Amino acid sequence: MNDNTLLKIEDLVLYFKTSMGNVQAVDHVNLELHKNRAVVILGESGCGKSSMAKAILRLLPRNVSQYHGRVIIDDLDVMSLSDEEFRQQVRWVKMSMVPQAAMNALNPVLRAGDQVAEPAMIHLGKDKEEALQLAREMFQRVGVPEDFLTRYPFELSGGMRQRVAIAMALITNPQLIVLDEPTSALDLLTQANIMNVLKKIKWETGTSYILITHDIATSSELADEVAVMYAGQIVEVNDAESFFAEPLHPYSRRLMASVPRLYGDEEPDFIPGRPPSLLNPPTGCRFADRCKLRFDKCDQEPPTFIVDGHPVKCWLYEKDHEAVISAATASGDAS
Amino acid sequence: MSTDVQMSPTATHADETPLIEVKDLHVWFELKKWGFSHVGWVRAVDNVNFKLHHGEAIAIVGESGCGKSSLMKTLLLLNRPHKGKVFFEGKDISDLKGKELKWYRSQVGYVQQDPYGALPPFMPVHRILNEPLVINGVKNKKEREERIRQAMEEVALTPVEDFLNKYPHMLSGGQQQRVVIARAMILEPKLLVADEPVSMLDASVRVEILRLMRKLQEQHNLSVMYITHDLSTVRFFSERIFVMYAGKLVEQTHIEELLNNPLHPYTKALLTGTSVPDAANAKHLKHVPPGEPPSLVNPPAGCRFHPRCEHFIEGKCNVDEPPHFEPVPGHIVNCWLYEAGRTSYPET
């Protein structure tokens with residue numbers, strides 16, 4: 001593991017037990033994140049991206065049937081820790097989370113300032129006074145007026161509540177923040193403002209992000225790297241420049257083509273069908289049924305090929321990938 | 001841009017009675033203390049005027065709380081106007097009751113934002129689509145079955161037999177939204193009101209639903225009010241666009257004109273705030289106005305955008321409400337910047 005690596009996920013598996021069988025929410029996932037970088041986990045709803053966040057932070061429900069693999073943060077293998085050790089040494093200390101719909105994740109009967117201050121009291125051993133002072137600084141950093149410290153969540157707008165949730169994740173100065181759909185319920189300009197706040201924090205404090213979202217356009221505001229998830233598996237990891245210029249996996253390409261653009265004549269396209277059930281995912285490539293470039297090999301599960309240093313889980317890249325990319329592009333244009 | 005007929009739809013439709021005409025519409029909600037003593041008004045829609053012609057699609061764009069949903073609900077007669085009138089084919093509908101109201105509702109289809117919330121969870125698709133027909137007096141069972149089948153085929157819920165007996169929770173988000181659209185279309189309305197029809201759906205199916213609605217619009221010569229906060233979906237659908245801010249229409253024009261020559265500072269901010277997938281986005285901050293939309297109980301005096309505006313003119317914008325200016329033919333903007341004959345947004 002090189003010095004710059006902050007987080008390394010190896011072969012992470014998280015299955016849930018339900019009355020219908022095992023839901024394979026996170027299926028042998030590998031991911032690496034460097035210091036002061038942001039990786040976006042992109043995927044449709046139900047592809048397992050939120051489960052992955054929960055698996056990293058061990059915020060698991062009771063019906064877990066399988067949970068194994070390695071998660072190493074800062075040279076510490078967190079999977080070997082007990083729950084209590086994990087709580088003391090990792091959660092909030094090394095990494096924290098801004099949950100999905102953070103605006104509803106705040107405690108309605110606590111004042112905003114007190115909620116934000118709490119992790120500092122528990123994990124940094126501050127007394128109430130110091131913690132509130134720290135909360136005040138965090139409020140400033142995320143752009144919430146100071147007098148909001150004494151307000152209750154219902155007195156704040158959605159955007160302000162989201163900022164408060166970010167302040168809370170930030171107060172212990174963690175190296176990694178997991179953001180689960182941080183802007184999906186917000187208005188356009190509020191979204192842009194929050195993205196600005198997150199960028200500034202990243203530049204000023206050197207923190208890293210895992211950003212979980214289904215919104216490609218917004219994700220590009222923060223991304224250094226992009227990991228595309230489909231049906232519980234990561235099918236492509238790429239750096240942002242290459243990804244937004246030309247993604248590799250057929251699913252990524254279709255996803256990119258489905259984004260409506262403000263300008264230009266290109267009409268967006270949709271992906272017919274729906275993702276497979278995670279109860280009984282297909283044995284071959286999981287995207288095969290919706291893929292225009294399907295061929296015989298796709299009935300077997302593709303291994304991960306490395307294309308120009310980027311892992312891609314698709315049989316097209318088995319051999320001469322340049323030829324394949326141009327073929328894929330040509331057929332993409334024709335469709 | 002080309003100056004085709006679409007540029008000024010009002011001109012081409014000049015002699016025709018518009019399908020919907022909204023005159024001086026105010027939708028205000030009373031604020032009460034302890035349930036009876038009056039303490040003020042929420043001015044959700046303030047002095048809105050427009051015409052919607054047969055077969056025309058208009059988009060209303062704005063952030064939450066700008067009054068776009070209140071405006072829409074007034075068109076559905078779920079709210080009544082506080083002041084002003086709404087005409088449907090020349091007939092004043094502001095006070096419709098009883099049978100007439102039922103008739104009006106059959107002329108207007110409604111596509112809700114959250115399809116799962118909009119469908120009754122305990123009814124199968126067949127019953128969901130059957131009910132409007134029963135209520136509106138289609139007595140012949142055979143005819144009802146025929147129309148249900150036809151509506152489902154139109155929204156591509158095929159093969160029909162596979163879906164008839166399914167409950168909403170058994171369908172994907174895109175399929176649920178198709179059921180909602182089929183239900184809105186089954187009485188063959190003249191107007192379709194779509195409130196953020198794709199915002200709850202996955203990116204990969206959004207375009208599919210938008211295309212479907214466009215197809216229906218063309219086939220049935222439907223008029224559509226498309227309400228959204230996402231400018232990038234607007235151009236696949238509508239000709240004219242209204243931008244709404246804090247209860248007021250601030251800019252009205254043809255969609256291509258708006259994208260290429262936004263005039264109101266708020267519209268400009270919306271366009272700047274809309275991301276397109278590009279790795280360069282991560283390298284710089286976005287230029288967006290600070291603050292949040294104002295409270296509609298005590299909106300700012302003068303122009304309601306002035307506290308957030310970078311072109312704020314002291315003594316003007318915070319005093320007098322900007323009237324309609326038409327710096328470019330067919331392009332109406334309510335902003336003092338265009339008082340002196342300016343025709344494009346000032347460079348900063």
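At roughly what angle do the axes of helix 3 and helix 5 of chain A cross, and within what distance do they come?

1. The axes of helix 3 (residues 112–123) and helix 5 (residues 158–170) of chain A come within 7 Å and cross at roughly 25°, where axes are lines fitted to C-alpha atoms, for helices over the stretch in contact, and angles run from 0 to 180 degrees between N-to-C directions. That makes helix 3 of chain A roughly parallel to helix 5 of chain A, the term being used for angles under 35 degrees. The crossing is right-handed, that is, the near helix is turned clockwise from the far one by less than a right angle.

2. This contact is made by A:A112, A:Q115, A:V116 and A:P119 of helix 3 of chain A together with A:V164, A:A167 and A:M168 of helix 5 of chain A, two residues being in contact if their C-beta atoms, placed from the backbone, lie within 7 Å. By class it has six nonpolar, one polar and no charged residues (Ala, Val, Leu, Ile, Met, Phe, Trp, Tyr, Cys and Pro count as nonpolar, Asp, Glu, Lys and Arg as charged, and the others, Gly among them, as polar).

3. This is a predicted model, in which local features need pLDDT of at least 70 and side-chain atom pairs count only at pLDDT 80 or more, while totals for chains, interfaces and linings use all residues. Residues are numbered from 1 along each chain as its sequence is written, and chains are lettered from A and ligands numbered from 1 in the order in which they are written.

4. Chain B has twelve helices and twelve strands, both being DSSP runs numbered from the N terminus (helices H or I, at least four residues; strands E, at least two). Its radius of gyration, taken over C-alpha atoms, is 21 Å, close to the 20 Å that the globule rule gives for 348 residues, so chain B is as compact as a globular protein of that length; the rule is 2.2 Å times the number of residues to the power 0.38.

5. In helix 2 (residues 68–75) of chain B, seven of the eight residues are buried, meaning that 20 or more other C-beta atoms, placed from the backbone, lie within 10 Å of the residue's own; among them are B:L71, B:M72 and B:L75. Helix 2 of chain B is followed by B:L77, whose phi is positive, near 60°.

6. The contact between the chains takes 32 residues from chain B and 39 residues from chain A. Helix 9 (203–220) of chain B gives the most to the side of chain B that touches chain A, with five residues.

How values were computed. A residue is buried if 20 or more other C-beta atoms lie within 10 Å of its own, exposed if 12 or fewer, and partly exposed in between; C-beta atoms are placed from the backbone. Angles under 35 degrees count as roughly parallel, over 145 as roughly antiparallel, 65 to 115 as roughly perpendicular and the rest as oblique.
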